Amino acid sequence: MDKDSPAQGGVIGGGTAGAFLRAHAWENDPLGAPDSWPDWLRGQVNTLLAAPVPMALVVAGHGRVFCNDAFAEACGLPGAEADLLALERLPGIDALAAAIDAAARGTVRIVVVSQGRRSGADSANCGDAASADSDGAASSASGSGDTGGCGDSSTGTDDVRCGGAQVQLSCVPVFDGTRVQGVLLLAAPVAVPVPAPSPLDNLARLHELFDLAPGPIAILSGPEHRYVFSNRANSAYTGGLALEGRAVRELFPPELIAQFVGLLDNVYRTGEPLVGRATAVDLPAPEGGTRRVYLDFVYHPIRNDNGEIVGIFHQASDVTAAVVANEALRLSEQRLREGATAARMVAWEWDLRTGTVTCSDNAREILGYDLADVEERWKQVVPEDVDQLRSAFAEAIAGDGNLKVISRRIRPDDGRVIWVDNRGTVVRDDAGAAIAVRGITVDVTERVAAEQELQAANRRKDEFLAMLAHELRNPLAPIATAAMLLKLPEVDTARARHAVDVIDRQVRHMTALVDDLLDVSRVTRGLVQLEMAPCELGAIAASAVEQSRPLIEARGHRLDLRADLEASWVLGERTRLVQVIANLLNNAAKYTPPGGQIVLELGGSDSTVTVTVRDNGSGIEAALLPRVFDLFSQGERTPDRSQGGLGIGLALVQRLVQLHGGSVTARSAGRGQGSTFTVTLPRVAAGAERMPDAGARVAAQPRNIVVVDDHADGGTLLASWLRTQGHRVTLHASARSALESDQVAQAEMFVLDIGLPDMDGYTLATALRGRAAPHAVFVALTGYGRQQDRERSLAAGFHHHLVKPVHAPHLLELIAALGARTT
């Protein structure tokens with residue numbers, strides 16, 4: 001076959017031997033076609049075909065031998081015999097077999113055999129040879145002194161009768177990175193019989209061949225691991241150092257010595273070969289410093305004729321590029337997995353031919369399962385969504401191949417129902433038949449919940465506007481009628497008085513509606529500043545009952561008041577607390593059918609007081625209970641509920657209670673089971689003194705106060721008022737002036753405007769805190785009173801947040817509390 005014929009299955013070049021390999025009928029060969037060979041075998045075959053030196057490869061377990069033209073010539077083989085040699089056709093096979101067997105177990109062997117083979121009677125003896133293995137032992141391959149007339153028995157060869165020259169065959173194990181897979185035969189001619197050389201010398205003679213190897217190869221001698229030989233690649237990896245005759249410990253930095261000498265010592269001590277895979281090594285760099293490479297390596301013990309270990313054969317392959325590529329791939333896949341998990345996304349492929357589904361490895365975390373069986377996966381779909389989902393897949397397969405459908409699934413791990421968005425593309429074969437569907441499934445439960453909440457909020461807004469129109473039209477109708485009645489010339493005094501009373505009553509009702517709207521707006525925006533003072537809860541409850549009594553009596557309800565004998569005191573604004581209880585009573589009256597029962601109960605513990613309003617009315621449905629305190633939320637309007645409302649009463653109650661440092665809860669067993677609302681407030685000592693009025697002078701120790709406010713009138717008046725209370729006040733109109741003041745270190749309180757021109761109050765507070773006394777109190781002064789504004793002040797280190805205009809009693813209370821802070 002032509003030497004230049006095209007490669008078959010990756011077999012390239014190689015002259016006559018390569019042509020034989022490409023022409024071989026591999027379909028009947030146990031090894032199979034070359035394109036199915038493992039990487040190590042294909043690489044070794046192509047290497048020996050390209051090598052200019054004699055090389056052959058024995059495949060372990062097959063007895064098949066590959067050789068190049070140089071090997072066939074060196075061993076005196078006829079050209080035809082170079083075509084896929086059988087093991088038994090090698091020269092000197094009797095002596096060579098033991099060496100090949102030893103090499104297959106990981107031991108380097110060297111054998112000297114007669115060149116070529118003869119036919120007839122000569123062939124029985126002319127293949128015998130003297131051998132020198134890695135143990136250095138020389139022996140007759142025939143096992144006796146009789147050479148059959150082929151030459152001197154001391155050498156085992158006859159130059160004349162057996163073709164002259166001898167051939168030295170080195171048997172070196174071939175690794176696939178883990179274990180021995182074959183034996184490499186390296187041939188070198190021997191002109192005359194030679195005494196058995198040492199195993200180290202034998203290996204070193206192969207330096208010309210080893211220098212051709214792309215990876216590092218070295219021979220180390222003795223327990224000091226001195227270099228006997230190092231090929232070009234190894235020398236390049238070690239920075240071009242002169243290695244021969246020098247011990248490993250003399251050449252490399254401590255970290256490399258610690259990394260590898262221990263391994264070499266162990267191989268030398270135990271005689272066990274060592275294989276390393278993708279081992280990181282920091283080698284000297286040509287430009288200085290170190291460079292990291294990754295090596296696959298083998299350490300092989302070398303023995304003398306007494307079986308003693310005399311050295312180590314070291315072979316390595318640079319796999320840095322593969323390791324770097326694999327690491328880049330791993331990081332890329334990791335980032336992809338992390339991104340997919342963060343996005344709650346699962347990638348999948350449904351094989352329509354087998355009915356199996358493969359998913360990305362985060363499927364169990366996102367969906368709660370990673371089932372491969374399609375029918376099992378359908379069982380996780382919410383039954384109401386199965387038909388819709390099946391139809392979407394069927395339409396995509398039969399149509400344009402695009403899948404897009406949202407459905408619900410049940411997580412089998414915790415039973416939760418989740419919403420998932422399925423997107424995919426149909427994969428078709430060359431004939432256009434659908435063979436698979438590939439796509440992603442994204443958990444969109446949070447998005448769907450947000451969309452549903454927005455829809456609910458929009459629905460509540462529409463309902464509120466409708467209710468507002470209804471509630472305003474209700475009083476407008478009698479007002480309009482009364483106005484028309486008053487226009488009549490014949491209207492008498494009694495009717496006129498009644499019409500005026502109707503107008504007055506309905507106007508007050510409309511005013512109350514508008515006031516409620518404005519009130520809840522101010523409270524939710526943080527614009528309400530409470531005037532806190534000790535209040536007795538029993539008296540507050542009595543006032544609330546008086547406000548609600550007309551509605552309660554109009555509905556025919558019975559009101560029971562239950563209270564502890566001991567008075568309960570809280571700190572709060574009396575008017576607002578009355579509003580809280582009255583709203584709860586009014587709510588109970590509205591949602592209880594006529595003739596119902598309402599209970600107002602006062603109780604508590606050593607640290608808290610409670611106000612409970614209980615009714616036997618229409619109750620609260622489970623779906624409404626979690627949002628009963630939301631704005632514009634209210635139960636279903638029934639015909640017997642004539643009072644109506646805007647759904648803001650309970651929202652106002654919750655926000656006012658929270659401003660008092662308390663909490664409110666709602667309970668109901670469901671529709672028709674009544675409702676219970678409980679307000680919990682902190683208890684204070686009975687009869688605690690009221691806080692002083694704004695104009696009262698506090699009999700307290702004078703304090704050093706620094707006020708920073710760029711508003712001339714506001715800052716001046718605040719400083720003047722504080723001085724009338726006996727305090728020493730320093731006023732600054734800018735942050736810079738305050739920072740340069742000598743009064744900072746003596747100040748016990750800083751009242752800082754947030755909106756300063758040169759530096760905001762948050763930054764100023766941080767700067768002052770480093771110079772102020774540890775016990776100094778910082779008070780933020782601002783026109784913004786939203787919850788996020790208060791949170792920002794606390795985060796900046798302010799102890800208190802006051803909204804302009806300053807509530808004087810509150811500020812005086814903070815100043816009075818300085819004594820407790822400093823003592």
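Reader: Which residues lie nearest the centre of the largest cavity?

Author: The model is a predicted one. In it, the largest cavity holds about 290 Å³ of space. Its lining consists of 19 residues. Those nearest the centre are Tyr 227, Phe 252, Phe 260, Tyr 299 and His 314.

Reader: Which element gives the most to the lining of the largest cavity?

Author: Two or more lining residues come from each of helix H7 (232-237), helix H9 (254-270), strand S11 (274-284) and strand S12 (290-303). By class, this lining has 16 nonpolar, 3 polar and no charged residues. The element that gives the most, with 5 residues, is H9.

Reader: Which element supplies the largest share of the lining of the second largest cavity?

Author: Among the residues that line the second largest cavity are Trp 348, Trp 350, Trp 378, Arg 377 and Arg 409. The lining divides into 8 nonpolar, 2 polar and 2 charged residues. At least two lining residues each are supplied by strand S14 (345-351), helix H12 (374-378) and helix H13 (383-398). The largest share, 3 residues, belongs to H12.

Reader: Which element supplies the largest share of the lining of the second largest pocket?

Author: The second largest pocket contains about 970 Å³ of space. It is lined by 33 residues, and Gln 44, Phe 175, Pro 214, Gln 315 and Ser 317 are the closest to its centre. Elements giving two or more residues to this lining include helix H2 (39-50), strand S7 (166-175) and strand S13 (309-318), as well as S11 and S12. The largest share, 5 residues, comes from H2.

Reader: How many residues of the lining of the second largest pocket are charged?

Author: The lining of this pocket includes 21 nonpolar residues and 8 polar ones. The number of charged residues is 4.

Reader: Beyond its neighbours within four places in sequence, which residues does Leu 600 contact?

Author: Leu 600 is one of the residues with the most contacts inside the largest nonpolar core. Leaving aside neighbours within four places in sequence, its contacts are Ala 541, Val 545, Leu 559, Asp 560, Leu 561, Arg 562, Ile 581, Leu 585, Val 611, Thr 612 and Val 613.

Reader: Why is strand S4 described as largely enclosed by the rest of the structure?

Author: Strand S4 (residues 109-114) is covered on both faces. Arg 109, Val 111 and Val 113 are buried on one side, as are Ile 110, Val 112 and Ser 114 on the other. Strand S4 is therefore largely enclosed, the number of buried residues being 6 of the 6.

Reader: What is the bridge partner of Val 112 in S7?

Author: Strands S4 and S7 run antiparallel and are joined by 6 bridges. Within S7, the partner of Val 112 is Gln 168.

Reader: Is Glu 573 buried or exposed?

Author: Glu 573 is located in the loop between strand S21 (569-572) and H17. Leaving aside neighbours within four places in sequence, Glu 573 is in contact with Gln 529, Leu 530, Glu 531, Met 532 and His 660. Its relative accessible area is 16%. Because the cut-off for burial is under 20%, Glu 573 counts as buried.

Reader: What is the relative accessible area of Val 514?

Author: Val 514 belongs to helix H15. Leu 472 is 42 residues away from Val 514 in sequence, with a C-alpha to C-alpha separation of 9.6 Å. Val 514 is partly exposed, and its relative accessible area is 38%.

Reader: What percentage of the residues of the chain count as buried?

Author: The chain contains 24 helices and 30 strands. Of its 823 residues, the buried share is 45%.

Definitions and conventions
Residues numbered from 1 in each chain as written. Predicted model: local features only at pLDDT ≥ 70, side-chain atom pairs only at ≥ 80, totals over all residues. Heavy atoms only, no water. 1 Å grid on protein atoms, 1.4 Å probe; cavity = no way out; pocket = protein on both sides within 12 Å on 5 of 7 lines; lining within 4 Å. Points joined across faces, edges and corners; volume = space filled by probe spheres on them. Helix = DSSP H or I, 4+ residues; strand = E, 2+ residues; numbered from the N terminus. Nonpolar A, V, L, I, M, F, W, Y, C, P; charged D, E, K, R; others polar. Core = buried A, V, L, I, M, F, W, Y, C linked by side-chain atoms within 4.5 Å. Buried < 20%, exposed > 50% of the residue type's maximum accessible area, 1.4 Å probe, protein only. Contact = heavy atoms within 4.5 Å. Pairing = 2+ DSSP bridges.
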